[in-house]
Amino acid sequence: MTDIVLEWLLGNYIEILGAILGLVYIFFSIKQHILTWPTGLLTSALYVFVFFNARLYADMGLQAYYVVISIYGWYFWLTGKKQNEKKVAVKTTRKALWMKLTVVSIALYALLFFILSNYTNSDVPHMDSVTTALSIVATWMLARKYIEHWLLWIFIDAFSAGLYVYKGLWATVILFIVYTVMALLGYIEWRKDLKNIEAKN
């Protein structure tokens with residue numbers, strides 16, 4: 001039994017390391033700590049490899065996007081705050097922006113589904129496209145500190161956990177179940193921060 005476990009650990013060490021870093025990343029995001037971004041960058045770099053091997057090509061492309069958006073988020077969280085603020089303030093998403101984000105999400109889904117269906121051997125093009133399109137939007141919202149990104153992540157993470165069960169990526173299944181719970185906690189924590197900001201104004 002020990003040999004089987006050791007063999008699995010050695011065969012999946014990149015996925016396991018990515019999962020551990022992913023938990024650290026989500027903890028930093030809840031706390032609105034600047035280390036969210038370098039940790040997220042490292043996590044995503046590891047998962048590019050994991051998802052390529054699992055033939056989850058949209059998810060692999062998403063991780064490459066995460067690397068880029070991590071650099072953007074890192075920069076924005078350092079430089080985007082107002083003079084009287086210690087950090088970039090949490091804010092709500094206005095109706096006009098929701099409309100734009102909905103259009104972007106649908107367009108991304110359609111593009112990704114077309115690519116996966118016609119140019120890859122993906123066996124889950126619908127699910128892969130849905131999670132990838134919404135994740136692109138949610139991560140941008142995190143970088144800009146829109147609180148509702150947590151609500152998107154609750155859906156994305158729960159949906160993704162089911163997808164990874166199908167793919168047999170068990171360390172990642174556990175990670176995404178934990179992500180779902182932590183996304184709920186993240187929303188609660190950011191909501192408290194938002195109420196404090198509103199009370200001061």
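User: Hi! How much space lies in the largest cavity?
Analyst: The largest cavity holds about 350 Å³. Here a cavity is a set of points, on a 1 Å grid over the protein atoms alone, where a 1.4 Å probe fits but cannot get out. Points are joined across faces, edges and corners, and the volume is the space filled by probe spheres set on them.

User: What kind of model is this?
Analyst: This is a predicted model: local features need pLDDT of at least 70, side-chain atom pairs count only at pLDDT 80 or more, and totals for chains, interfaces and linings use all residues. Residues are numbered from 1 along each chain as its sequence is written, and side-chain values use heavy atoms, leaving out hydrogens and water.

User: Which residues lie nearest the centre of the largest cavity?
Analyst: Those are Tyr-25, Gln-63, Tyr-66, Trp-153 and Tyr-179, out of 29 lining residues. A lining residue has an atom within 4 Å of a point.

User: And which element gives the largest share of that lining?
Analyst: That's α7, with seven residues. Helices are DSSP runs (H or I) of at least four residues, numbered from the N terminus.

User: New topic: is Thr-131 buried or exposed?
Analyst: Thr-131 has 2% relative accessibility, so it counts as buried (under 20% relative accessible area, with a 1.4 Å probe and protein chains only; exposed is over 50%). Thr-131 sits in helix α6, residues 125-143.

User: What is Thr-131 in contact with?
Analyst: Leaving aside neighbours within four places in sequence, Thr-131 is in contact with Asp-59, Ile-156, Phe-159 and Ser-160. Contact means heavy atoms within 4.5 Å.

Note on methods: Helices (H or I, at least four residues) and strands (E, at least two) are DSSP runs, numbered from the N terminus. On a 1 Å grid over the protein atoms alone, a cavity is a set of points where a 1.4 Å probe fits but cannot get out, and a pocket is an open set with protein on both sides within 12 Å along at least five of seven lines; lining residues have an atom within 4 Å of a point.
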